[in-house]
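Here is a short report on one protein model and its ligand. Have the sequence and the 3D view open as you read.

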Amino acid sequence: MPTTDFNKTAAISDGHEAKKAGYKVPFGTVSITPKAKQLIDEAIERRWLTKGKYVKEFEDKFAALFGVKYGIAVSSGTDADAIACAILYDFGARRGDEIIIPALTFVATGNAVLQAGFKPVFVDVKRETLNIDPDKIEAAITKRTRAIMPVHLMGKPADMDKIMAIARKHKLHVIEDAAEAHGAEYKGKKIGAIGDMACFSLYAAHIITTIEGGMIITDNERMAEAARSLRNHGIDGKFRFRRIGFSSKMNEIEAAVGLGNVDIFHDILNKRRRNVLYLIEKFKKFGPYFIYVKEEAHEKLGPHAFSMIVRPGLNFTKDEFVAFLEQEGVDSRNLFYSIPTQTPSYAFMGHKIGDFPESEFCSNNGTHIGCHQDIEISQMDHVIATVDKFLKGKNSDRH
Ligand SMILES: Cc1ncc(COP(=O)(O)O)c(C=O)c1O
């Protein structure tokens, strides 16, 4: 059981707005520990607030959590993704080369690939896992493909054995977008420690947070060095710049919050896992109505949130379901959109609706709710009772 008193650590909450709006089950939260507050005070006292010793300590401790040698802290998860892509220029990639990503993910993954000067090539997902369908990857590989960037959506590990085998066969790099999957495991390996590099978002609702922030981890020294250069405009030496870089450094205040979170990482993870496993168990009876992410024997979820997709052929829509959740005080978010086909008004990179049927199905019918460390069993029971009430109402409509 968790040992951290989250009532004391969650001094500030991403669910602040949600709480104000009266949600019984807010979507996100931020844990600010007493140690973080002390470190922030000390940094202010020292008058050293830009990247300094806390950032370095945070990078080292973060990387150690995943058993990886180097951590490079940046301003956001999006920048982590973009910088990881840009590192490939040190390894023979050229502008306009291609990086394979899932069609269903937070839009940041696609933006980051473009921001780094590459072309995102989208591959459909599997609705049961929400992750890239490995059996569709090879068809998307061309002679300009440089990397595969799987996303472990909602903290569910992508099928890394198949992805790594394809990458090895075609001599591609693998960049894990682990923005939502801190602490997840795949066949005994830590998510983030399987590909060449992994990128984490440290945004407010994520397991380890710095409020805004990101982290790249890698065992490859050259990649780590390139990341350090790229986050600071491509610096190489004193005011000499040899890469097209980003302005993406982390500051000491953010690192202090992160150091506090590293201390309670296992407590946060355990509480989120307790919550998500509770929901998974309770949702078994709703199986005919919803597809929800499950934990399989070979893996451990690093839960970001709990997803629910309305099955086809039922007498209600996702929008009706979400409206009912809202009415009962359960805060939710759409299950992202199929990036290339979410704007039917124009064809993004030549795609049209219907090109990514699984991703589009998930977007049209899916939602997700919080399962974070400040949510108690009684709140999850409220979720279950709400879903029960909604379905009973719908079934009685039928008869
Ligand atoms: C899968 C994925 N990738 C990248 C990001 C970008 O992270 P950030 O919001 O910190 O820029 C997110 C953010 O939640 C995400 O969910």
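## Basis

This is a predicted model; local features need pLDDT of at least 70, side-chain atom pairs count only at pLDDT 80 or more, and totals for chains, interfaces and linings use all residues. Residues are numbered from 1 along each chain as its sequence is written.

## Two domains

The domain assignment gives domain 1 (34-263) and domain 2 (265-398). Such bounds come from an automatic or database domain assignment. The two centres, taken over C-alpha atoms, are 26 Å apart.

Across the interface, 32 residues of domain 1 contact 28 residues of domain 2. Contact here requires C-beta atoms, placed from the backbone, to lie within 7 Å. On the domain 1 side, β6 (185-186) and α9 (252-263) each supply at least two residues. Helices (H or I, at least four residues) and strands (E, at least two) are DSSP runs, numbered from the N terminus. That side of domain 1 divides into 17 nonpolar, seven polar and eight charged residues. Ala, Val, Leu, Ile, Met, Phe, Trp, Tyr, Cys and Pro count as nonpolar, Asp, Glu, Lys and Arg as charged, and the others, Gly among them, as polar.

## Ligand shell

The ligand has 15 residues around it, and Ser-76, Gly-77, Thr-78, Ala-179 and Ser-201 come nearest. A residue is near if its C-beta atom, placed from the backbone, lies within 6 Å. By class, the shell has five nonpolar, seven polar and three charged residues.

Helices α5 and α6 (108-115) each supply at least two shell residues. The largest share, three residues, comes from α5.

## α5 against α6

The axes of α5 and α6 come within 8 Å and cross at roughly 40 degrees. Axes are lines fitted to C-alpha atoms, for helices over the stretch in contact, and angles run from 0 to 180 degrees between N-to-C directions. α5 is therefore oblique to α6. Angles under 35 degrees count as roughly parallel, over 145 as roughly antiparallel, 65 to 115 as roughly perpendicular and the rest as oblique.

Gly-77, Thr-78, Asp-81, Ala-82 and Cys-85 in α5 meet α6 residues including Ala-108, Asn-111 and Gln-115.

## α5 against α8

Helix α5 (residues 77-87) and helix α8 (residues 221-230) have axes that come within 9 Å and cross at roughly 120 degrees.

Ile-83, Ala-86 and Ile-87 in α5 meet Met-223, Ala-226, Ala-227 and Leu-230 in α8. The contact divides into seven nonpolar, no polar and no charged residues.

Technical notes
Two residues are in contact if their C-beta atoms, placed from the backbone, lie within 7 Å.
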